[in-house]
Amino acid sequence: MAPRTVLITGCSSGIGLALAVRLARDKQRRFRVIATVRNVSRSGALVAAAGSALGRTLEIKQLDVCDEGSIRACLDSIPGRHVDVLVSNAGVGMIGPLECQSLAAMQGLMDTNFFGLVRLVKEVLPDMKRRRSGHIVVISSVMGLQGIVFNDVYAASKFAVEGFCESLVVQALRFNVAISLVEPGPVTTEFEAKVYEEAERADYSQTDPETAEIFTKLYLRNSKDVFASLGQSPEDIAEHTLRVIEAARPPFRHQTNAAYTPMAALKHADPSGALMTDAFYKLVFKYDAVLRLGLRAIRLLRWKAQKVQAGARLLGFK
Ligand SMILES: NC(=O)C1=CN([C@@H]2O[C@H](COP(=O)(O)OP(=O)(O)OC[C@H]3O[C@@H](n4cnc5c(N)ncnc54)[C@H](OP(=O)(O)O)[C@@H]3O)[C@@H](O)[C@H]2O)C=CC1
Ligand SMILES: CC1=C(/C=C/C(C)=C/C=C/C(C)=C/C=O)C(C)(C)CCC1
């Protein structure tokens with residue numbers, strides 16, 4: 001079987017980088033990876049991680065999801081514009097009180113996270129439909145299923161992604177093109193540091209003192225604990241995404257973190273939304289100390305499991 005051509009966006013760091021390298025280093029050499037970055041000068045980490053795969057099973061190309069011209073130029077540079085699997089991964093985060101965020105910043109986020117996907121699909125889908133074959137894999141988020149306090153605009157961008165794909169999937173299926181949404185919970189990548197840096201720079205005089213305090217004292221602390229306890233590695237997400245890509249019948253949705261599944265299911269258990277709002281209200285404002293304790297216990301268990309694994313490796317069991 002000829003290797004499948006996989007085009008991935010946002011490969012300068014995080015999930016995109018991990019996935020590009022994982023696929024390019026596939027032992028069965030099933031993939032030819034086109035790892036795209038919006039700024040080629042930021043390819044250092046990718047080049048280092050790709051190692052000997054660079055120039056063999058992995059090539060780096062420029063692609064900015066906010067620029068239709070750059071998407072077209074990238075596609076036109078591929079022989080026959082042939083892409084078997086498109087992975088729409090590029091994305092940015094945004095946290096904080098709404099009053100502290102400019103409309104321009106919100107529009108910029110929608111332009112990357114939602115319209116970036118739309119631009120890619122408009123460019124790639126017609127070729128896939130013509131060939132009656134292809135797979136569009138979208139790195140969405142659990143926040144495409146369930147909003148989280150102080151993530152209003154980011155969650156909205158991922159809800160938009162989910163609505164877009166949910167609508168398109170049936171038409172695509174008619175042309176034998178699959179669409180899959182990968183829905184990670186928190187992942188420890190530059191994404192986290194970038195949103196905290198922005199939170200540090202934010203002007204909290206734009207909101208009332210109570211909201212500013214809830215965000216800076218309560219949310220940020222709990223969010224850091226959530227990432228430390230429940231965060232997955234980008235390599236984990238790459239493994240999950242590989243399973244979606246190689247599936248004979250790709251799933252439409254794939255959640256990567258079982259800890260989030262009950263949270264995302266609350267709205268379905270009670271369509272009025274009361275169960276969901278009540279549960280989140282209590283988690284954020286009432287039982288935050290219990291939440292932190294639970295998260296700390298998970299961190300301890302994870303740490304112990306890592307020690308056991310390291311010991312097993314030392315003894316030659318793995
Ligand atoms: N980290 C997390 O907790 C989670 C992340 N996700 C999603 O995963 C995806 C990847 O994020 P993650 O790896 O964590 O974060 P990173 O910040 O590590 O990576 C984001 C990537 O997107 C790129 N990017 C941003 N804007 C553009 C653009 N206009 N055109 C092309 N590339 C662009 C960045 O490039 P550059 O270096 O040039 O900025 C970078 O390569 C995102 O869609 C995010 O929403 C989903 C769930 C959880
Ligand atoms: C679960 C949870 C919290 C935080 C969740 C976070 C921080 C999730 C981050 C997800 C990301 C970053 C997804 C990216 O797409 C709170 C509000 C602290 C308390 C209530 C329960």
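**View 1. Asp288 is buried, with a relative accessible area of 14%.** Buried denotes under 20% relative accessible area, exposed over 50% and partly exposed in between, with a 1.4 Å probe and protein chains only. Asp288 belongs to helix α12 (residues 288-314); helices (H or I, at least four residues) and strands (E, at least two) are DSSP runs, numbered from the N terminus. With residues up to four places away in sequence not counted, Asp288 touches Leu218, Asn222, Lys282 and Leu283, contact being heavy atoms within 4.5 Å. This is a predicted model, in which local features need pLDDT of at least 70 and side-chain atom pairs count only at pLDDT 80 or more, while totals for chains, interfaces and linings use all residues. Residues are numbered from 1 along each chain as its sequence is written, chains are lettered from A and ligands numbered from 1 in the order in which they are written, and side-chain values use heavy atoms, with hydrogens and water left out.

**View 2. Tyr154 is listed by UniProt, in an unreviewed entry, for "active site".** UniProt positions follow the numbering used here, feature names are shortened, and annotations may be inferred rather than shown by experiment. Tyr154 lies in helix α6 (residues 152-174) and is buried, at 7% relative accessible area. Neighbours within four places in sequence aside, Tyr154 is in contact with Val92, Gly93, Met94, Leu109, Asn113, Ser141, Met143 and Phe191. The unreviewed UniProt entry also lists residues 4-190 for "domain: Ketoreductase". Over residues 4-190, the chain is 42% helix and 18% strand, and the end C-alpha atoms are 29 Å apart.

**View 3. Helix α4 (residues 103-113) packs with helix α5 (residues 115-131) at an angle of about 30 degrees, their axes 3 Å apart.** That makes α4 roughly parallel to α5; angles under 35 degrees count as roughly parallel, over 145 as roughly antiparallel, 65 to 115 as roughly perpendicular and the rest as oblique. Met110, Asp111, Thr112 and Asn113 of α4 make the contact with Phe115, Gly116, Leu117 and Arg119 of α5. By class, this contact of α4 with α5 has 3 nonpolar, 3 polar and 2 charged residues. Ala, Val, Leu, Ile, Met, Phe, Trp, Tyr, Cys and Pro count as nonpolar, Asp, Glu, Lys and Arg as charged, and the others, Gly among them, as polar. Axes are lines fitted to C-alpha atoms, for helices over the stretch in contact, and angles run from 0 to 180 degrees between N-to-C directions.

**View 4. Helix α10 (residues 261-269) and α11 pack at an angle of about 145 degrees, with axes 7 Å apart.** Met263, Leu266, Lys267 and Ala269 of α10 meet Leu275, Met276, Ala279 and Phe280 of α11. The contact of α10 with α11 comprises 7 nonpolar, no polar and 1 charged residues by class.

**View 5. The structure holds 8 aromatic pairs.** One of them, Tyr204 with Phe215, is tilted, at 5.9 Å centre to centre and 40 degrees between the planes. Rings of Phe, Tyr and Trp (its six-membered ring) pair if their centres lie within 6.5 Å; planes under 30 degrees apart count as stacked, over 60 as edge-to-face and the rest as tilted. Tyr204 lies in the loop between α7 (190-201) and α8 (209-230), and Phe215 in helix α8, 11 residues apart. Both Tyr204 and Phe215 are buried. Ring pairs link Phe150, Tyr204, Phe215 and Tyr219 into a cluster.

**View 6. Tyr281 and Phe285 both lie in helix α11 (residues 274-286), 4 residues apart, about one turn of the helix.** The ring centres of Tyr281 and Phe285 are 4.9 Å apart and the planes stand at 50 degrees, so the pair is tilted. Phe285 counts as partly exposed, at 37% relative accessibility.
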